[in-house]
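My entries follow in the order I looked things up.

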Amino acid sequence: MLKMASSLKEMRAIEAEAADALASILAAIPIVTVGKIERNVVRDSRELDIVVHLTAAHKPQVLACEVKRHGQPRYVRDGLLTLKNTLQHTGMRATPVFIAPYLSPEARLICQENSVGYMDLQGNVRLEFDGVFIERLVADKPAPDRREINSLFWPKTAQVLKTLLCDP
C-alpha cells in the first residue's frame, strides 16, 4: 500500500510539472492565449490527466493530455490508445497530446504516426492544431534510471535455492 501511495504522489508531481511546462510553451507563442488548465478531469466516467482551454488566432481550442510516468514505446502505445478511446467515448473535440518525462525518437515517431501531439519534460515538443505548429527537439537525454539489482544471496532467495538444490 505504501508503494502505491508514493507512486500516486510521484504521478501527481509529474502531472503538475507537465501542466506548468505546457503552459510556459504555449505562453511563448504570440497568437496563443492560454485560458484554463484543468487537471484530473472526469467526463463520462473517463479521466483525462490535463485539459487545456486556449485561444489560437481568436479561435477556441482544447488540448486533452495523457501523462505517463515512462515514455517507453509500450507505454506510449498504451497511453495513445487510452487517450483516443477517452476522446471518442466522451465525444470531446480536442487535440490529443501525450506527455512523459522523456520520449525517445521511436516514441516520438509513434505519436507522429498516430497524429497525436507530444511533449516531454526534457524540452521536446510537437503540437499541431488549427494553424499552429510547434516543434522543438533537444539533444539532451536524461541519465538512465538506476534500479537495484536482485541478488541470488538475499535471505529469501537463498532459502528458495537451498530448498530446490537440497531436495530436487
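**Entry 1: helix α4**

I found α4 hardly covered: the count of buried residues among its twelve residues is zero. Buried here means under 20% relative accessible area, exposed over 50%, and partly exposed in between (1.4 Å probe, protein chains only). Helices (H or I, at least four residues) and strands (E, at least two) are DSSP runs, numbered from the N terminus. I note that this is a predicted model, where local features need pLDDT of at least 70 and side-chain atom pairs count only at pLDDT 80 or more, while totals for chains, interfaces and linings use all residues. Residues are numbered from 1 along each chain as its sequence is written, and side-chain values use heavy atoms, with hydrogens and water left out.

I checked the span of α4 next.

Valine 160 sits in α4 (residues 155-166). I list valine 160 as partly exposed because its relative accessibility is 49%. Val160, Leu161, Leu164 and Leu165 make a nonpolar surface patch of about 390 Å². Patches take residues with over 30% relative accessible area and no salt bridge; like charges are joined within 9 Å, nonpolar side chains (Val, Leu, Ile, Met, Phe, Trp, Tyr) within 5 Å. The areas come from the Shrake-Rupley method with a 1.4 Å probe, and for residues only the protein chains shown count as cover. An α-helix has 3.6 residues a turn, so residues three or four places apart point the same way.

**Entry 2: asparagine 124**

I looked at the loop between β5 (117-120) and β6 (125-129), where asparagine 124 lies. Asparagine 124 is buried, because its relative accessible area is 0%. Its side chain joins that of aspartate 120 in a polar contact of 2.8 Å. For a polar contact I need N or O atoms within 3.5 Å; within protein, one must be able to donate a hydrogen and the other to accept it, and residues adjacent in sequence count only if both atoms are side-chain atoms. A polar atom of the asparagine 124 side chain also lies 2.6 Å from the backbone nitrogen of valine 138.

Valine 51 belongs to strand β2 (residues 46-56). At 0% relative accessibility, I count valine 51 as buried. Leaving aside neighbours within four places in sequence, valine 51 has contacts (heavy atoms within 4.5 Å) that include Lys36, Val62 and Met92.

Arginine 12 is in helix α1 (residues 2-27). I read its relative accessibility as 32%, so arginine 12 is partly exposed. Its side chain makes a polar contact of 2.9 Å with the side chain of asparagine 40.

**Entry 3: salt bridges**

How many salt bridges does the structure hold? I get eight, each a side-chain nitrogen of Lys or Arg within 4 Å of a carboxyl oxygen of Asp or Glu. Lysine 68 pairs with glutamate 66 at 3.7 Å, N to O. Aspartate 78 also bridges to lysine 68, with the closest N and O atoms 3.5 Å apart. Aspartate 78 lies in helix α2 and lysine 68 in the loop between β3 (59-67) and α2, so this pair ties together parts ten residues apart in sequence. Aspartate 78 is partly exposed at 39% relative accessibility. Salt bridges that share partners join Glu66, Lys68 and Asp78 into one network.
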